Amino acid sequence: MDIDSRIKAYRFVGYAALTFSTIAVLSVCVTLPIMYNYIHHTRKVMHNDIVECKSEAQRLYSQVNRIPDLMMAHNLT
């Protein structure tokens, strides 16, 4: 292998490495904000669902606690 073919091979490897690293950096710059927005939206929806579930559980618990009072009010014996 003469020196010219080695230089060409090293140049090709260098350009390939530069191309792959540039593509990797650009893909991270694009996907990172997308993932942040997705996770933020998912957390917001989950928080709203949890708040709704807690309020529904409290409402049901208060209704269950009123059952004995209602049964005693309708007891005629």
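According to its unreviewed UniProt entry, residues 12-36 carry the annotation "transmembrane region"; UniProt positions follow the numbering used here, feature names are shortened, and such annotations may be inferred rather than shown by experiment. The model is predicted, with local features requiring pLDDT of at least 70 and side-chain atom pairs pLDDT 80 or more, while totals for chains, interfaces and linings use all residues. Residues are numbered from 1 along each chain as its sequence is written, and side-chain values use heavy atoms, leaving out hydrogens and water.

The annotated span, residues 12-36, is 100% helix and 0% strand, and its end C-alpha atoms are 36 Å apart. Across the protein chain there are one helix and zero strands, both assigned as DSSP runs numbered from the N terminus (helices H or I, at least four residues; strands E, at least two). Of the 77 residues in the chain, 0% count as buried, where buried means under 20% relative accessible area, exposed over 50%, and partly exposed in between (1.4 Å probe, protein chains only).

The accessible surface of the chain amounts to about 7,600 Å², with 69% belonging to carbon and sulfur atoms; areas come from the Shrake-Rupley method with a 1.4 Å probe, and for residues only the protein chains shown count as cover. Met35, Tyr38 and Ile39 make a nonpolar surface patch of about 320 Å². Tyr38 sits in helix H1 and counts as exposed because its relative accessibility is 52%.

One salt bridge is found in the structure, a contact defined as a side-chain nitrogen of Lys or Arg within 4 Å of a carboxyl oxygen of Asp or Glu. It joins the side chains of Glu56 and Arg59 at 2.4 Å, N to O. These two residues are three apart in helix H1 (residues 3-73), so about one helical turn separates Glu56 from Arg59.

Notes: Patches are made of residues with over 30% relative accessible area and no salt bridge: like charges are joined within 9 Å, nonpolar side chains (Val, Leu, Ile, Met, Phe, Trp, Tyr) within 5 Å.
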